[in-house]
Amino acid sequence: MDPQSTPDLSTPASSLPLSTVAVVGLGTMGTGIAEVLARAGREVIGIDTDEAAARQAVATLEGTTARAVARERITERERQDILARFRTFTDLQAAADADLVIEVVPEDYELKRQVFAGLDAVVRPDTILATGTNALSVTRLAADSQRPERVLGVHFFNPAPAMKLVEVVSSVLTAPTAVAAVTALAHDLGKDPIAVGDRPGFVADGLLFGYLNQAAAMYEARYATREDIDAAMRLGCGLPMGPLALLDLIGVDTARTVLEAMYADSRDRLHAPAPILGQLAEAGLTGRKAGRGFYTYEAPGSATVVPDAESPSSADERSAGRTVSSVGVAGSGTMASGIAEVFAKAGFKVVLAARSLEKAETAKARIAKSLGRSVDKGRMSAEARDTALASITPAGSLDAFADVDLAVEAVAEDLAVKQELFQALDKVCKPGAVLATTTSSLPVVACARATSRPEDVIGMHFFNPAPAMKLVEVVRTVLTADDVHATVRAVCAKVRKHPVDCGDRAGFIVNALLFPYLNNAIKMVEEHYASLDDIDAAMKLGGGYPMGPFELLDVVGLDVSLAIEKVLHAEFRDPGLAPSPLLEHLVAAGCLGRKTGRGFREYARR
């Protein structure tokens, strides 16, 4: 935020635009919004029929401002001014003098309609009425109001004091002046507002909840454990929380309500709430607030997860694995070099085989540069670098894999190419060697069937860049032997990676959840609902994502993204997974992202 736009706390509230704001509903979100407004110099009228909720809101503001004083972020005088600007009431009549009213009562249409009807009877004709809904129709609330042109949506994100995004939602009835006034207020509050139209979930939740729903369905199908699903998305995508932990934080019942509204609008089966959400909600297992949801918590409202019947056993109940001291890596690209570097740094003897000795030596030179950067940054010693490099033997033929204990292929993502390579590995590698593919989208079993020993074949999906990314998806086929699975998990631990188990189906965990989300973002642009910049901003500011979907698509490569979307669609046959026509058109035009200088955005040529 520009320092010049920071509100001056000494400015009288009467001289500020929308200087008096009423907040109806003093739960967690309402209290957070009230704090943001009071800190920005607004007179805040907090209204809640529950006197205990009003008292708790005051106590919360007292606590947060006291901590701010202790951290020297505000003075005690400023704290007292903030507290003086926040008054609480139990009757809507208190909103009579408000310039803006923001309702944040529970997501129940009839309850919100009653609030708006009550406000119509007491507020001035020019007062703006805003709903904090993220699932219900703003247009319907406006149409039922006496002043539909003054009704809009203003969607803050939790926790409101910390989260920068505010979605300003207009209906076809909303006056542009009302939108402009609320957008200006959001800027004054230090927020980043984006303007969106009225549809369930808007931008951020519209993309987020579809992803959360698919994660719940994945868990319900017992495809992967809750811990592995959450770890995969945190470590594979850099997300601040896994999807099931996030569902518990949001509230399983809230998520179900949002998804039901989204499905009613879109009829996209990916938005139809996973049955497990209904089962948990009906049982009262709504997440952290209830003390139990997908996980079990120390107490209602606690963030501390405690062991339950589904928690992984601390005892190692897996079968014993095979001994691995030498590893063969097939390939000469970025991924192959990265994987070879990972194994070399962990003390394994590594054979790096490419189609020619020259290519293999070039790949080793790339590793040398990477290790050199680590030394320059103080992450490893020069001696450790030299030891790692000495352990890598470049080779121009797979024949060099004759004595390796583990062979990992990292060649082109083409099934015919991989099957031919596995046929060669079958002939070259010694009996008992584990054969692994790093495929991210192809069936592992198809590689296994190209050999005479499918029980020795498994998937080891590393993430790029392999030296930095902690995740490895360990993919068992129906033919993979237990000791092969145990071997790979043990190897992952030795190279300091986090293994997650999943079955052999398209996308595994990460891509199966990530790419439908990316595809839905493209559809939003196709439908002219929101811009690339607003969607990217929404997911970074509202969801804590390290990159927006279009930034990520251009980095991954639009051709790679399209290929994965096609694989997912072919496997699951769900119409909602069909690749966006816009994505197909860009790929056909050769606009593949950063690598070609143009994708969803244009990039300077190097």
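Let's start with helix H12 (residues 334-345), which has twelve residues and reaches 16 Å from its first C-alpha to its last, close to the 16 Å expected at 1.5 Å a residue. That expected span is 1.5 Å times one less than the number of residues. Helices (H or I, at least four residues) and strands (E, at least two) are DSSP runs, numbered from the N terminus.

Please keep in mind that this is a predicted model, where local features need pLDDT of at least 70 and side-chain atom pairs count only at pLDDT 80 or more, while totals for chains, interfaces and linings use all residues. Residues are numbered from 1 along each chain as its sequence is written, and side-chain values use heavy atoms, with hydrogens and water left out.

Nine of the twelve residues of H12 are buried, so the helix is largely enclosed by the rest of the structure. Here buried means under 20% relative accessible area, exposed over 50%, and partly exposed in between (1.4 Å probe, protein chains only). Among the buried residues are Ile339, Glu341 and Phe343. After H12 comes Gly347, with a positive phi near 95 degrees.

Next, the core. The largest nonpolar core holds 102 residues, and Phe294 and Phe401 touch the most other members. Helix H18 (residues 510-526) gives the most to this core, with eleven residues. Such a core is a set of buried Ala, Val, Leu, Ile, Met, Phe, Trp, Tyr and Cys residues joined through side-chain atoms within 4.5 Å. Beyond its neighbours within four places in sequence, Phe401 has contacts (heavy atoms within 4.5 Å) that include Gly328, Val351, Leu425 and Cys429.

Now for the sheet. Eight strands form an open sheet with mixed pairing, in the order S3-S2-S1-S4-S5-S6-S7-S8. Its edge strands, S3 (86-89) and S8 (192-197), each pair on one side only. Two strands pair if DSSP finds at least two bridges between them. Strands S1 (residues 20-24) and S2 (residues 43-47) pair in the parallel sense over five bridges, and Ala22 has Ile45 in S2 as its bridge partner.

Finally, the cysteines. Counting a disulfide as a pair of cysteine sulfur atoms within 2.5 Å, the total is zero. For Cys447, the nearest cysteine sulfur is that of Cys429, 14 Å away.

| Cysteine | Relative accessibility |
|---|---|
| Cys447 | 0% |
| Cys591 | 11% |
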